[in-house]
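Work through the following exercises with the sequence and the structure side by side. Each task is followed by a solution that goes step by step.

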2 protein chains.
Amino acid sequence: MRTISWSDSEGGRIILFDQTRLPLEMVEINVSTHDQLIDAIKRLAIRGAPALGVAGALGVALIMRNSERAGWSVVDRDQAIAELRSARPTAVNLAWGVDQVRPLIASGSGAVLERALEIASADAAANRAMGALGADAIELLIPGKQLRLLTHCNTGALATTDWGTALGVIRELHDRGRVEEVFADETRPLLQGSRLTAWELSQLKIPYRILPDGAAASALFAGLIDAVLIGADRIARNGDSANKIGSLAVAVAAHAANVPFFVVAPESTVDRSLADGSQIEIEFRSDSEVTHFAGVATAPLGSRTYNPAFDVTPARYITAVITEQRLYRVSEGETL
Amino acid sequence: MRTISWSDSEGGRIILFDQTRLPLEMVEINVSTHDQLIDAIKRLAIRGAPALGVAGALGVALIMRNSERAGWSVVDRDQAIAELRSARPTAVNLAWGVDQVRPLIASGSGAVLERALEIASADAAANRAMGALGADAIELLIPGKQLRLLTHCNTGALATTDWGTALGVIRELHDRGRVEEVFADETRPLLQGSRLTAWELSQLKIPYRILPDGAAASALFAGLIDAVLIGADRIARNGDSANKIGSLAVAVAAHAANVPFFVVAPESTVDRSLADGSQIEIEFRSDSEVTHFAGVATAPLGSRTYNPAFDVTPARYITAVITEQRLYRVSEGETL
């Protein structure tokens, strides 16, 4: 199973693993147009900042193939690329992936595809590197005991091309024999924790429990957690980190309970154009994500919601940001 | 609609409003045995600390009626009362309600029933009193603006015999023309916020939004909330307060965002035998509350969970505890 990959069959396809169907079934989607890709991104069939970076790059390759075959105008081609680039606003990686291959457009679809596949390979390598760096840091900080680690949302292989970011550190610690148990926040409203992270952990045979997001503070205050590890969708220069809604609550509780809190993400998630998190655009999603479940109404008809997809954790609550290159002690004032 | 009431028909019945069926339908349950009542309490058809107090008192009246009619032994009768008293461990009110009528057992079912009905009336009056006290306190603290108030779980008429505790303060503020909007945490895993609080607010035509529990910190940090009001299931002498899981996370975030945080509950919720919250027994509930929704699996089969029904908010995060008698400034060291 690969989260996202390229197939040269039938003139070029992107193959996605439909994450909305987990844990009930494993379904592949065959994407042959940019409209299909944008739809898959918007309905979260593919999600996770690093995976979206690869989707952006491969998406431009797909647009180039279709454009060359059908003889699109430059305006139509660039319009398709712009729509893909802005399909979701908060994760910087989607735009980053598009921007990485854009300079190669003049060289044709072959050059774009080659660069996109390099980005996918580099993402997998970056994940392994940050997994090792993060595991080293945590082993140093918390020596000589089996670790109980809390995570939020999904940052595993499903969120990347391979291995994972925050969950990649947990996998590395598990491979080193250091993990007692993972506490996986279910992550409302779309349950990426219980549907995706728990599924990955069960496949990997890493012991885990699922908890309601509101129970994380209880676990932290009860002394059940040694460290928290989460991913990020956009990180400002000072370390303020946008991540899945609910991350901020966990960070504040971890800080109050004196439990170290790590953000693990590739350098491509760092947006050095932003001095701090106040300028990060937050995507708001539909009421029905909160008011309905599996087609059943869980609230009075017509209820309005407050449903931001992300929140921003201030750097002061983040022990360190860990990338494939290094560890930044942002709560101590270090910048990226 | 009354949350819980007594009917003298057919030798005596307790009439409950089945809260597990909201917001989809309004269903009454006719309870004629203590086993039925305990089942209704355990599956949360009736819940909320003050309502459980009345259920405890009326439940003893029901047991007395059945015992007198069928000629139970004293051992069997007392066994039934003991089972009712411990049907749920965290909310002190259930045991309190039983204990209030116990001294009258020797006087027969009539005396017990009379006292139980007095407790129900007193609860309604206490709710109105704490509503007025709480509204006064908030008007004094936050003068001259329309209020945006956040609440967690359900503390309205459905959690009491009438009116509500924390939601009762909000209703009183609404009657005074001071409420702009209520932010109702959905309250996983059982969604008492979106199913019950939103339903009450929609019936009362008070503007509201539902939010995932993890989004409360985002709303607090974004300056969207003027005050937080929650209920309690047991309050220790120093003000540490057990309440629905997720309350602690909201309290810590409110404290960090400098937003006042109030606990509103009747004096019957205060357990003065406990010096602090560390001795409060926390009820843990089944995995399936977290891993399934409406019969659909939302997690891999066999997943374990961390599913405490309550957490304990330390007094230092609580601006004040408000009862029907007075306001206790527990974060400043005042005790109950």
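Two strands pair if DSSP finds at least two bridges between them, and helices (H or I, at least four residues) and strands (E, at least two) are DSSP runs, numbered from the N terminus. This is a predicted model, in which local features need pLDDT of at least 70 and side-chain atom pairs count only at pLDDT 80 or more, while totals for chains, interfaces and linings use all residues. Residues are numbered from 1 along each chain as its sequence is written, chains are lettered from A and ligands numbered from 1 in the order in which they are written, and side-chain values use heavy atoms, with hydrogens and water left out.

**Exercise 1.** Find which strand of chain B is joined to strand E13 of chain A, and in which sense the two run.

Solution. Begin at residues 304-305 of chain A, which form strand E13, and follow the two bridges that lead from there to E6(B); the two strands run parallel. Then look at A:Thr305, which has B:Ile210 of E6(B) opposite.

**Exercise 2.** Describe the contact between chain B and chain A by its residues, its buried area and its polar pairs.

Solution. First take the residues in contact (heavy atoms within 4.5 Å): chain B gives 50 residues and chain A gives 50 residues. Next comes the buried area, the accessible area (1.4 Å probe) that two parts lose on being put together, summed over both; here it is about 4000 Å², and carbon and sulfur atoms give 67% of it. Four salt bridges are counted between the chains, each a side-chain nitrogen of Lys or Arg within 4 Å of a carboxyl oxygen of Asp or Glu. One of them links the side chains of B:Glu186 and A:Arg188, at 2.6 Å from N to O. Among the elements that give two or more residues to chain B's side are helix H7 (192-204) and helix H9 (247-256) of chain B.

**Exercise 3.** Determine how chain B can be laid on chain A.

Solution. Superpose the copies by least squares on the C-alpha atoms of residues with pLDDT of at least 70 in both. The same surface serves both copies, as 100% of the contact residues of chain B recur in chain A.

Conventions: A polar contact is a pair of N or O atoms within 3.5 Å; within protein, one must be able to donate a hydrogen and the other to accept it, and residues adjacent in sequence count only if both atoms are side-chain atoms.
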